[in-house]
Amino acid sequence: MKIALNYFAEDVLKAGGKPELVHFLAENALDTANWMRDFVGIEWLDSLMFFGGHTVKRSLIPVGHSGSELITKYQAKAEEMGIDVLTEHDVKEILTQDGHVSGVKVETPTSHLTVNADVVIVTTGGFGAYPEMLYEYDNEIDEHIHSTNSPGAKGDGINMLEALGADLVGMEEIQLYPVCDVETGKLLYVGDTRLVGGALFVNKEGKRFIEELDTRRAISLAIKDQTDHVGYLVWDEKSSETTGTIHSHPGEAESLFNRGLLVKADTLEELADHFELDKEQFLETVRSFNEQSKNEEGPEFNLRMLGWTIEEGSFYILKASPAVHHTMGGVRINTNVQVLNADGQPVADGLYAAGEVTGGIHGSNCLGSAALSDISVFGRQAGQQAVEYIQNK
């Protein structure tokens with residue numbers, strides 16, 4: 001276990017996160033996942049997934065391959081415990097008095113409220129749906145890059161905490177996700193085939209241009225540089241059956257099939273014809289890769305996961321483009337998830353933050369599935385710290 005934890009911490013630290021936060025994340029990830037299973041009721045798949053940037057397979061995947069498993073189980077647990085979840089309540093300001101949190105100002109569709117509170121935990125997410133703020137910190141993010149984020153991810157929590165004196169860290173560190181809907185920007189779970197069963201990225205010219213398990217940002221920017229700012233992900237029936245991503249996401253797959261963005265065919269030639277790829281070069285790319293992968297020779301771009309091939313029909317091709325997925329920057333915190341100022345001191349007693357609203361954990365790149373570990377580990381820590389604070393108050 002110690003070796004596995006060290007691998008996890010080392011992988012995350014490569015992107016330059018704060019060591020004390022990264023080690024806290026690694027040391028508590030498994031215990032938190034077990035708590036989510038045993039207390040909240042979240043179901044994990046038996047197999048682990050190999051996400052980009054990881055040294056080994058280590059990522060737990062919820063049943064259904066999406067966040068709906070977490071959301072529905074957390075909601076059910078809240079109802080079981082009598083916890084009210086209020087929607088359409090827009091927090092506009094966090095209130096403090098004499099160095100302590102005192103509450104929040106809230107707007108609803110029909111009223112303005114002041115809610116008194118001894119503790120405020122901010123988990124409002126990042127600013128991935130705010131184009132102006134994104135471009136301010138990273139001008140590589142332009143009109144050729146969509147966003148996977150919900151419309152509400154506009155940095156409101158970051159701005160409210162900064163107004164109280166919170167220090168902001170890593171705001172220029174913005175993560176892109178490579179396999180997204182070219183029309184809507186939605187993250188495509190069908191594309192997860194490349195992470196388990198194996199799939200190749202090619203461009204309009206039929207050539208590979210990046211390692212398929214490189215970091216999300218590296219792949220995304222490589223796709224942006226290709227003809228039409230898109231890439232084409234290719235795999236075969238064996239990879240499809242290994243991952244089950246099409247069967248696990250039938251609604252997504254149907255939409256992609258209907259719009260001609262995901263194609264299934266008996267031959268590779270048909271795939272090339274559909275998207276007007278350079279057919280001769282495309283076939284040579286697949287042939288060369290198959291030969292090298294079988295011999296585990298380390299094909300071009302040093303793909304880390306070898307042994308699989310693209311040779312058993314049916315064959316699939318998915319047209320994809322990059323989108324903003326995660327903003328690594330945010331407010332500075334410590335391992336007790338207290339919001340800190342530039343001097344490293346708590347902004348106010350009883351004020352905590354967790355998840356994408358915070359910065360300093362992931363450095364320049366959030367590894368696949370690490371964001372789920374982040375909000376789960378530090379969110380649970382926030383709850384524990386809040387209880388302890390109230391008990392000692």
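1. In this predicted model, Arg58 and Asp11 form a salt bridge, with their closest N and O atoms 2.9 Å apart. The pair links distant parts of the chain, 47 residues apart: Arg58 belongs to the loop between helix H2 (19-40) and H3, and Asp11 to helix H1 (residues 2-13). Buried or exposed, how do Arg58 and Asp11 stand? Both residues are buried. Lys14 joins them as well, for Asp11, Lys14 and Arg58 are linked in a network of salt bridges.

2. How many salt bridges does the structure hold? The count is 22. In general, side chains of opposite charge can pair when their charged atoms come close. Two further pairs are described in the next points.

3. The side chains of Glu140 and Arg217 meet in a salt bridge, at 3.1 Å from N to O. Glu140 is placed in the loop between helix H4 (131-137) and strand S5 (146-147), while Arg217 is in helix H7 (residues 216-224), so the pair ties together parts that are 77 residues apart in sequence. Glu140 is partly exposed, at a relative accessible area of 37%, whereas Arg217 is buried, at 18%. The value for Arg217 counts as buried because that class covers residues under 20% relative accessible area.

4. Glu93 and Lys105 form another salt bridge, their closest N and O atoms being 3.8 Å apart. Glu93 lies in strand S1 and Lys105 in strand S2 (residues 100-107), so this pair ties together parts that are 12 residues apart in sequence. Glu93 is partly exposed, with 36% relative accessibility, and Lys105 is also partly exposed, with a relative accessible area of 38%.

5. The cysteines deserve a separate remark. How many disulfides does a search of the whole structure find? The search finds 0. A disulfide is a covalent bond between the sulfur atoms of two cysteines. For Cys180, the closest cysteine sulfur is that of Cys366, and the distance of 14 Å is too far for a bond. Seen from Cys366, the closest cysteine sulfur is in Cys180, again 14 Å away and too far for a bond. A disulfide would need the two sulfur atoms within 2.5 Å. Cys180 is buried, with a relative accessible area of 0%, and Cys366 is buried at 1%.

6. Two surface patches may be noted. Glu205, Asp228, Asp278 and Glu280 form a negative surface patch. One of these residues, Asp278, sits in the loop between helix H11 (268-275) and helix H12 (279-294); Asp278 is partly exposed, with a relative accessible area of 39%. A nonpolar surface patch of about 280 Å² is made by Phe39, Met81 and Ile83.

7. Most residues other than glycine have a negative phi, and most peptide bonds are trans. Glu276 has a positive phi of about 55° although it is not a glycine. Where is Glu276 placed? Glu276 is in the loop between H11 and H12, and it is exposed, with a relative accessible area of 63%. Asn302, also a residue other than glycine, has a positive phi near 55°. Asn302 is in the loop between H12 and S11 and counts as exposed at 62% relative accessibility.

8. Which peptide bond is cis, with omega near 10°? The bond in question runs from Gly313 to Ser314. Ser314 is found in the loop between H12 and strand S11 (315-327).

9. Thr32, in helix H2, is 63 residues from Leu95 in sequence and 31 Å from Leu95 in space. Thr32 is buried, with a relative accessible area of 2%. Ala218, in helix H7, is 185 residues from Ala33 in sequence and 29 Å from Ala33 in space. Ala218 counts as partly exposed, at 26% relative accessibility.

Note on methods: Residues are numbered from 1 along each chain as its sequence is written. This is a predicted model: local features need pLDDT of at least 70, side-chain atom pairs count only at pLDDT 80 or more; totals for chains, interfaces and linings use all residues. Side-chain values use heavy atoms; hydrogens and water are left out. Patches are made of residues with over 30% relative accessible area and no salt bridge: like charges are joined within 9 Å, nonpolar side chains (Val, Leu, Ile, Met, Phe, Trp, Tyr) within 5 Å. Accessible areas come from the Shrake-Rupley method with a 1.4 Å probe; for residues, only the protein chains shown count as cover. A salt bridge is a side-chain nitrogen of Lys or Arg within 4 Å of a carboxyl oxygen of Asp or Glu. Lys and Arg count as positive and Asp and Glu as negative; His and the chain ends are not counted. The place of a charge is taken as NZ of Lys, CZ of Arg, CG of Asp or CD of Glu. Helices (H or I, at least four residues) and strands (E, at least two) are DSSP runs, numbered from the N terminus. Buried means under 20% relative accessible area, exposed over 50%, partly exposed in between (1.4 Å probe, protein chains only).
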